[in-house]
Amino acid sequence: MKKMEIITTHKNTDFDAFASVIAATLLYPDAVPVLPKSINPNVKYFLGIHKNLFDIKQSDQIDLDAVKKLIVVDTNNWRRLEGMGQLKERKDIEIILWDHHRPGDIEADWKRQEPVGAAITLLAGELKKRKIHISTIFSTLFLTGLYEDTGNLSFPSSQPEDAYAAGYLMSLKADLRIVTSFLKADYGEIQKKTLFEMLNTAKTEIIEGHTVSFNIMPIKGHVEMLSLVMHKYREIMNVEVAIGIFPRYEKNRCMVIGRSGSDRVDMGTIMQRLGGGGHPGAGSAMLKSVDPETIEKLIRAMMEGNRQTSVRIGDLMSFPVDTFDPGIKMEELRSSLRKKGFKGAPIMEEGRLIGMITRSDFKKIRKKSQWESPVKAFMKREVITVDPGMSPIQAARQIITKNIGHLPVVENGEIIGIVTRSDLMVYFYDLLPE
Ligand SMILES: [Mn+2]
């Protein structure tokens, strides 16, 4: 039987717990993250937008008999775990604990238990100590967890360690706009009422193989958190794509909010075409002097395939690509890349891609004389490439899991472009390039 390591956390998983699970996957790369079924709404919302970046399992998808190592984060009580009861009695299992609560009933073989404000503080500190790379998306998630559990470092339970960890995550370019958008989840009477009325008139249909629900819902005055309403609406309707059109007749304008759970329907692109914007999973636009039925028709036309509604790597890549010969000197390559402002380049021999040079390869140089060595002595020979039809999420997954910054785009054996971590960051979060 295959032996297994798993990482899990408490029921009603909040951002601190979820961030700690993901941070633990960086510390224990062989372990599988397992989340309970009950997850807090704003974490679910985050997962809905980024779900493909994380390969997460639920406890009933795991063969618990095969588990030999259990890593528990952000709790130390068996009753707060989901579906792990049978592991409690097992003697042959190694238990690792990362937690910031008072001691509970999980007896760990190794533990790090400190009364800091957030569990993620402990894990982020360890990642820093071990110099393990944390991507922008992960630093954003970790900071969200840290702020949630410490009330933006204002709860009396907050410790200096929390602030140091927050500073470290900010230095890694955690995106504060995203952090705050996931933390404010004010869901009140007016939102409930809006959702209830929408559900009363809801209908679903199939467009290009996707389950879709359009809903036109007139509103009076300014209603906040309609995006959270749409998030819940999509969840309850159980459709891949949900579009809410909210006309405010007295102002002669219309708010449009969309949610997509499909890789093939990019909500950011659809909303961009309406003059708004967003991410692949979520987007919005504000239109003036257009009636809601026309907006519905426009979106429908986009989805019906007259126009491409999802961005492909081919749309994001840079081209043409400068490639280099394996024989040129490191020195020479460095100055050419500097001139062009590139951080890496593909190495080609006889029309074939044989390697990649990036910043980290230049850092391998210890002696001055090595600048005279040929590029082939320093290049990475295992090159991960993508094809132009891939979705940005699939490419982002490669970049994050393999920790690489450059992906050559290859079609019919030929390099036609290159896509970088910065290209994807700009696309997902409109961040300025690093
Ligand atoms: Mn916590």
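The stops below cover two sheets and the helices that accompany them.

The model is predicted: local features need pLDDT of at least 70, side-chain atom pairs count only at pLDDT 80 or more, and totals for chains, interfaces and linings use all residues. Residues are numbered from 1 along each chain as its sequence is written. Helices (H or I, at least four residues) and strands (E, at least two) are DSSP runs, numbered from the N terminus.

**Stop 1: the parallel sheet**

Select strands S1 to S6. These six strands form an open sheet in the order S3-S2-S1-S4-S5-S6, with parallel pairing; two strands pair if DSSP finds at least two bridges between them. S3 and S6 (110-113) stand at the edges, each with a single partner strand, so one side of each has no neighbour in the sheet.

Now select residues 4-8, which are S1, and residues 32-35, which are S2. Three bridges join these parallel strands, and Ile6 stands opposite Val32 in S2. Between S1 and S2 the chain passes through helix H1 (residues 15-27), and this β-α-β crossover is right-handed (with the strands pointing away from the viewer, the path from the first strand over the helix to the second runs clockwise).

Continue to S3 (residues 57-58), which is joined to S2 by two bridges and runs parallel to it. Here Val34 stands opposite Lys57.

Next, select S4 (residues 67-73), which is joined to S1 by five bridges, again in parallel. In S4, Leu70 is the bridge partner of Ile6. H1 packs on the sheet, touching S1, S2, S4 and S5 (94-99), and its direction makes about 135 degrees with that of S4. Contact here means that the C-beta atoms of two residues, placed from the backbone, lie within 7 Å. Axes are lines fitted to C-alpha atoms, for helices over the stretch in contact, and angles run from 0 to 180 degrees between N-to-C directions.

**Stop 2: helices H3 and H5**

Select H3 (residues 119-129) and H5 (residues 160-171), whose axes come within 9 Å and cross at roughly 55 degrees. H3 and H5 are therefore oblique to each other (angles under 35 degrees count as roughly parallel, over 145 as roughly antiparallel, 65 to 115 as roughly perpendicular and the rest as oblique). Show the side chains of Thr121, Ala124, Gly125 and Lys128 in H3 and of Glu161, Asp162, Ala165, Tyr168 and Leu169 in H5, which make the contact. H3 also lies across S4, S5 and S6, at about 110 degrees to S5.

**Stop 3: the mixed sheet**

Select strands S7 to S12. These six strands form an open sheet in the order S7-S8-S9-S10-S12-S11, and the pairing is mixed. S11 is joined to S12 (residues 282-288) by two bridges, and the two run antiparallel. The bridge partner of Gly277 in S12 is Ser284.

**Stop 4: helices H7 and H8**

Finally, select H7 (residues 189-200) and H8 (residues 226-237), which pack at an angle of about 40 degrees with their axes 10 Å apart. H7 and H8 are therefore oblique to each other. The contact is made by Gln191, Thr194, Leu195, Met198 and Leu199 of H7 and Leu228, Val229, Lys232, Tyr233 and Ile236 of H8. H8 also lies across S8 (210-216), S9 (241-248), S10 (253-260) and S12, running at about 140 degrees to S9.
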